[in-house]
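Let's take a walk through this model together. Keep the viewer open and follow along as we go from pocket to salt bridges to surface.

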Amino acid sequence: MGQKRNLLDRVIAYVNPQKALQREYAKFKLDIVQNSGYGNYGASRTKKSLKGWIDGGGSALEDIHDNLNTLRTRSRDLYMGVPLATGALRTYRTNVVGSGLTPKPMVNGDAIGLTEGQTAEIEKQISREFALWADSRNCDAERTSTFYGLQQLAFLNWQMSGDVFAALQMKKRTGSVYDLCVLLIEADRVCTPGNYFGPDADERIIGGVEVDDTGEIIAYYISKRHPLSYRSTKKEDWVRVEAYGKTTGRRNILHVITKERIGQRRGVPMLAPVIESMKQLGRYTDAELSAAVVNGFFSVFIQSEAPLSVVPIGENDAPAEALVDKGDPNSIEIGPGSIIDLAPGEKANAVTPGRPNANFDGFVVSICKQIGAALELPYEILVKQFSSNYSASRAALLEAWKSFDMWRDWMIEEFCQPIYEEWFSEAVAKNRITAPGYFADPAIRKAYMNAQWYGPTQGQLDPVKEVQAAADRITNGFSTRAKEAMELTGTDFVENVRVMKQEEQLLKEARGDNEGTVKRNSGEQ
């Protein structure tokens, strides 16, 4: 039996039966198309399970940029108030950046025509000069952090806000060899002047990022004041900063961002997919905590035979400390060890709220696993609980470190290496580093600026097994001593060998002195 025809179909059938037949045939074909292929599965609009799915979407502008302000504020609020969110972001920061990513110069001596000795010597010189800049607070435009502190702050702000900006400025400071300094800019401050998003807005400027007709980013609009500050902002409070210098072509602004959509100009906070889950879990945790605190008291309900639901109690009828609000004689607080007189006809009934909830832990664990999957953090890493066996715990660590390594490489590419290259150019320009041909040939410049970056190590659940595995990889040619030293202890193998050589020499000298002293003492005896 076919579907019941509506009023319009019945009218058309009465007036023009031939037209009605064509209409029914067209509807039949349309039904086949809509319910074939994906139309019969994920794209079906007739299945009851999918009818209520509101899937309206748009470009990166509608899906991302129009919602960024809310996503940022909620993400930062989660970081400040929900322990799970705080722990997740700090876990990433600690393992990806830690106390700071340190470069080890890897000059390509063959491309430049240097011997191994010359290459090693210039690498030492580069390391010394970079430490002179990076270890000083002069590298920070605000003069509050070293380069390694700036890394931590930039990474954490990227996590909370979706992106972060770094202006590469030149400031002459007394006692400082280098002029380069980094000014970190919070994501909210880069925005369209006046925050106008109306239909007449310039489509080339979205989220404070301006592009040319080909889609290339050419400038950023930076507010002198934070848009969420209590101070009002005027149109003249924005500064347009070109992305690249017109004369030198150097980068004026670093935009630290990871993109999810083609055409996207601003980043999405890391917590965006789990904002609702984390907020609800935080509320549930607070509720359970409050219930457990209340359950710690001997809670009762007062049952009264009086006609009124509340029996007036004067201040003389209850201890002063039992009154929640002394201005309200009907307000009574039952605290630990309180003894309160009851009015005639009243009796106390004990209450058992059933807290702590026996299902609390299992429910929280289940939600945490889903949140961890979205954040690429195994449950064990997310909550810092290793209750499984060695193999399972190691598998969780290895899976987490895939994500940590990926974000570390991204951080190096987007933030650390570009700043290192800017510093290197200044060092060569000021003759602090001797690099013939550096400004003349881009290939030579690249050969000088090669570097490997070191950071926090993975750590070992069983150090003996980990070290033995590393030794086996080196023996079989699957890895190198330099790589294993970096991954196991975060140190430089060449530097380790140099220090070990000095230590061995000191030990030999000490042993020689001891032996000579023993011989002299024996002869005297």
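Which element gives the largest share of the lining of the largest pocket? That would be α8, with 7 residues. Before going on, a word on ground rules: this is a predicted model, local features need pLDDT of at least 70, side-chain atom pairs count only at pLDDT 80 or more, and totals for chains, interfaces and linings use all residues. Residues are numbered from 1 along each chain as its sequence is written, and side-chain values use heavy atoms, with hydrogens and water left out.

Back to the pocket. The largest one holds about 680 Å³ of space. Of its 23 lining residues, K104, K124, S127, D492 and E495 sit closest to the centre. The elements that contribute two or more residues to the lining are β1 (102-105), α8 (116-134) and α17 (493-524). Sorted by class, the lining has 10 nonpolar, 4 polar and 9 charged residues. Here Ala, Val, Leu, Ile, Met, Phe, Trp, Tyr, Cys and Pro count as nonpolar, Asp, Glu, Lys and Arg as charged, and the others, Gly among them, as polar. As for the pocket itself, the search runs on a 1 Å grid over the protein atoms alone: a pocket is an open set of points where a 1.4 Å probe fits, with protein on both sides within 12 Å along at least five of seven lines, and lining residues have an atom within 4 Å of a point. The volume is the space filled by probe spheres set on the points, which are joined across faces, edges and corners. Helices (H or I, at least four residues) and strands (E, at least two) are DSSP runs, numbered from the N terminus.

Strand β1 also holds T102. With a relative accessible area of 34%, T102 is partly exposed; buried means under 20%, exposed over 50%, and partly exposed in between (1.4 Å probe, protein chains only). T102 and C416 are 314 residues apart in sequence, yet their C-alpha atoms are 9.0 Å apart in space. Another such pair is L89 and L271, 182 residues apart in sequence and 8.6 Å apart from C-alpha to C-alpha. L89 belongs to helix α6 (residues 83-96), and L89 is buried because its relative accessibility is 0%.

How many salt bridges are there? The count comes to 17, where a salt bridge is a side-chain nitrogen of Lys or Arg within 4 Å of a carboxyl oxygen of Asp or Glu. Take E210 and R240, whose closest N and O atoms are 3.0 Å apart. This pair links distant parts of the chain, with E210 in strand β5 (residues 209-211) and R240 in strand β7 (residues 238-242), 30 residues apart. E210 is buried at 7% relative accessibility, whereas R240 is partly exposed at 39%.

R225 and D237 form a salt bridge too, at 2.8 Å from N to O. Both lie in the loop between β6 (217-223) and β7, 12 residues apart. R225 is partly exposed at 32%, while D237, at 10%, is buried.

K402 is exposed at 55%, and E399 is partly exposed at 44%. Elsewhere, K172, D179, E426 and K430 are linked in a network of salt bridges.

Now for some backbone angles. Most residues other than glycine have a negative phi. R143 has a positive phi, near 60°, and lies in the loop between α8 and α9 (147-161). E376 also has a phi near 60°, and is found in the loop between α11 (360-375) and α12 (379-383). R143 is partly exposed at 41%, and E376 is partly exposed at 43%.

Last stop, the surface. L7, V11, Y14 and V15 form a nonpolar patch with about 500 Å² of accessible area together. Areas come from the Shrake-Rupley method with a 1.4 Å probe, and for residues only the protein chains shown count as cover. Patches take residues with over 30% relative accessible area and no salt bridge, joining like charges within 9 Å and nonpolar side chains (Val, Leu, Ile, Met, Phe, Trp, Tyr) within 5 Å. L7 itself is in helix α1 (residues 7-15) and is exposed, at 58%.
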